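Hi everyone, thanks for coming. Please have a look at the sequence and the model on the screen, and I'll walk you through a few spots in it.

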Amino acid sequence: MMGYDLDLFVIGAGSGGVRAARFAAGFGAKVAVAESRYLGGTCVNVGCVPKKLLVYAARFRDDFADAAGFGWRLGEAEFDWESLIANKDKEIHRLNGIYRQLLNDSGVTVVDGHARLLDAHTVEVAGHRYTAEHILIATGGWPVLPDIPGKEYAISSNEAFFLPELPRRVLVVGGGYIAVEFASIFHGLGAETRLLYRRDLFLKGFDLGVREHVRDELGKRGLALEFKVEIRQIAKQADGSLLATLSDGRQLETDCVFFATGRKPMIEGLGLEHTEVRLDDQGYIEVDADFRTAEPSIFAIGDVIGRVQLTPMALAEGMAVARQLYRPEQYQRLDYEHIPTAVFCLPNIATVGLSEQEAKARGHRLHLYEARLRPMKMTLAGRDERMLFKLVVDADSDRVLGCHLVGPDAGEIIQGMAIALRMGATKAQFDRTIGIHPTAAEEFVTLRTVSREA
Ligand code: FAD
C-alpha cells in the first residue's frame with residue numbers, strides 16, 4: 001500500500017461502486033466507499049427497482065380487465081398512488097439498509113458525503129482526507145432536460161418516483177427506453193398519457209420490426225404516440241395546470257411534463273481538474289479497455305464512462321476492476337457482445353444479439369424467422385394483443401445472431417436465450433431443443449420456416 005490509508009477508495013455506492021468495493025475487500029484489500037446521496041445508487045433508488053415496482057402496479061389494469069373472460073366478476077377497481085409510493089419507499093429503504101449491511105459485512109468503510117479528488121491519490125469527503133493507492137470513480141449519471149422556457153415546471157425520472165399524486169394528464173417526452181416505460185406506467189395507472197418524440201420512431205438501436213410492433217401494440221392500448229414533434233415551451237396556468245407549446249404550433253394542456261431526454265455523466269464537483277483524468281468528446285470519463293483513466297492510479301466504471309448504461313454492465317465492470325487489481329490471475333477483459341436487455345413497457349420487449357439492421361450492416365447474409373402470435377391467455381381475455389418473435393440467423397454459418405421478443409415477461413424468456421447465443425448456438429440447435437408446452441417461449445424452438453431473406 002506504500003504509505004496510503006487505503007488500497008482502494010471508491011467514489012459512488014451505486015451498482016458498480018458497491019460491487020467493486022465488496023469484491024476488492026473480499027480479495028483482502030483495504031477499501032472505503034463514499035456516497036453523497038443514497039446507497040445502491042440510481043438502480044435501487046430512482047432506476048430499475050422502483051421502475052419495475054411501478055410497472056407491476058400498472059400491469060394490474062390489464063389483469064383486472066382480462067379476469068372477466070376467465071369468469072371473475074370484480075367490483076370497480078380503484079387505484080391509490082399514495083399507497084403505491086409509500087410501499088415503494090419502504091421497500092427502497094429496506095434495500096438501502098441491506099446495501100449498508102453488505103458493505104459493512106465485507107469490511108468496506110462507508111463514508112457518507114460528497115467526494116472530491118484533491119490529487120491522483122487523495123480524496124476529500126466532509127473535511128476528511130483519505131489517501132489511497134487506487135481510486136475508482138463510479139459516480140453514475142444524471143437526467144438532462146432540454147433548455148426551453150418553462151423547463152422548471154417539468155420533471156425527470158428522478159422526480160417521477162416521488163410525485164405527491166398521480167397526474168390526471170401526462171406528456172412524456174423522449175424516445176429511449178425510460179420514456180417508453182414511463183408512458184406505459186402512467187397510462188397503465190390511469191393517467192391520460194401522450195408520448196412525444198422528435199424523430200420518426202422511438203427505441204433507436206432496437207430491431208426495426210420490434211420498434212414498429214411496439215408502436216402498434218402501444219397504440220392499440222390507447223396510448224397516444226406522436227413522432228416528429230417536440231415541446232418548445234411550457235407555461236404554468238392560473239389553475240396550476242401546464243400549457244405546452246409544440247414545435248408544430250399546437251398547444252396541449254397537461255398536468256405533468258415528464259422529460260426522458262437523455263442523461264449526462266455525474267462529474268460535478270468531483271475535482272477531476274486536480275488529476276490527469278480526461279473526458280471523451282461526449283463528456284464521459286475516458287478509459288481504456290481495462291477501465292484505466294489517463295491518470296494511472298484512477299479507474300472509472302459504469303454510467304460515468306457512458307458505454308452500456310445498464311446495471312449488469314456496471315456490476316461486471318466493477319468486478320473486472322477488483323479482479324484486475326487484486327486477483328489478476330482471474331482477470332479477463334469484458335466482452336460487450338451479446339448483452340441481453342429488456343424494456344419494461346407494456347407489452348415488454350427483450351432482446352439479445354444483433355438486430356436485423358446491425359447484422360446487415362456487418363455484412364451477414366440473413367435468414368429471418370418471424371412470428372406474430374396471440375398469446376393463449378389473450379384468447380379468453382378477448383384482447384387483441386400479439387407477441388412478436390424474431391430470430392436473425394446467419395445464412396452461411398446457421399448461427400443465431402439475434403433473438404427478439406415483444407410480449408408478456410419477455411425479459412424472463414430472453415435471459416435463457418442469451419446463454420444460447422453466447423455459446424454460439426445455431427438455428428439447427430434451436431430446432432433440436434424440445435419446447436415446453438404450452439408456453440409462448442416454445443415458439444423460439446418451433447420457428448421452422450424462413451420468413452424472409454436479407
Ligand atoms: P449509479 O447507480 O448511478 O451510482 C452512482 C452513485 O454515485 C450514486 O449513488 C451517486 O449519488 C453517487 N455519487 C455521484 N457523485 C458522487 C460524489 N462526488 N461523491 C460521492 N458519491 C457520489 N438498468 C438496467 O439494467 N435495467 C433497468 O431496468 C434500468 N432501468 C432504469 C430506469 C431509470 C429510470 C434509470 C434512470 C436508469 C435505469 N437503468 C436500468 C440504468 C441503471 O440504473 C444504471 O446503468 C446503473 O445504476 C449505473 O450504475 P453506476 O454504478 O454507474 O451509477
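Let me start with a term: helices (H or I, at least four residues) and strands (E, at least two) are DSSP runs, numbered from the N terminus. Residues are numbered from 1 along each chain as its sequence is written, and side-chain values use heavy atoms, with hydrogens and water left out. Please keep in mind that this is a predicted model: local features need pLDDT of at least 70, side-chain atom pairs count only at pLDDT 80 or more, and totals for chains, interfaces and linings use all residues.

Now to the backbone. Most residues other than glycine have a negative phi, and most peptide bonds are trans. Here are some exceptions.

Proline 347 sits in the loop between β17 (341-343) and β18 (349-353). Another cis bond runs from histidine 437 to proline 438, with omega near -5 degrees. Proline 438 belongs to the loop between α12 (427-432) and β22 (452-453).

Next, positive phi. Alanine 126 has a phi near 45 degrees, a positive value in a residue other than glycine. Where do we find alanine 126? In the loop between β5 (122-125) and β6 (128-137). For accessibility, buried means under 20% relative accessible area, exposed over 50%, and partly exposed in between, using a 1.4 Å probe and protein chains only. At 64%, alanine 126 is exposed. Lysine 228 is not a glycine either, yet its phi is positive, about 60 degrees. You'll see lysine 228 in the loop between β10 (224-227) and β11 (231-236), and it is exposed, with a relative accessible area of 63%.

Let's zoom out to the domains, whose bounds come from an automatic or database domain assignment. That assignment gives domain 1 (6-142 + 264-330), domain 2 (151-261) and domain 3 (347-453). Taken over C-alpha atoms, the centres of domain 1 and domain 2 are 27 Å apart. With contact meaning heavy atoms within 4.5 Å, 20 residues from domain 1 and 18 residues from domain 2 take part.

How much area is buried between domain 1 and domain 2? About 1,600 Å², and carbon and sulfur atoms give 63% of that. Buried area here is the accessible area (1.4 Å probe) that two parts lose on being put together, summed over both. Val46, Lys51 and Trp81 supply 39% of the area that domain 1 buries against domain 2, more than any other three residues.

There are also 2 salt bridges across this interface, a salt bridge being a side-chain nitrogen of Lys or Arg within 4 Å of a carboxyl oxygen of Asp or Glu. Elements giving two or more residues to the side of domain 1 that touches domain 2 are α2 (41-46), α3 (48-67) and α4 (81-105). The largest share of that side, 8 residues, comes from α3.

One last stop: arginine 116, in strand β4 (residues 115-119). Arginine 116 is partly exposed, at 31% relative accessible area. Leaving out residues up to four places away in sequence, arginine 116 touches Thr122, Val123, Glu124, Gly269, Leu270, Gly271 and His274.
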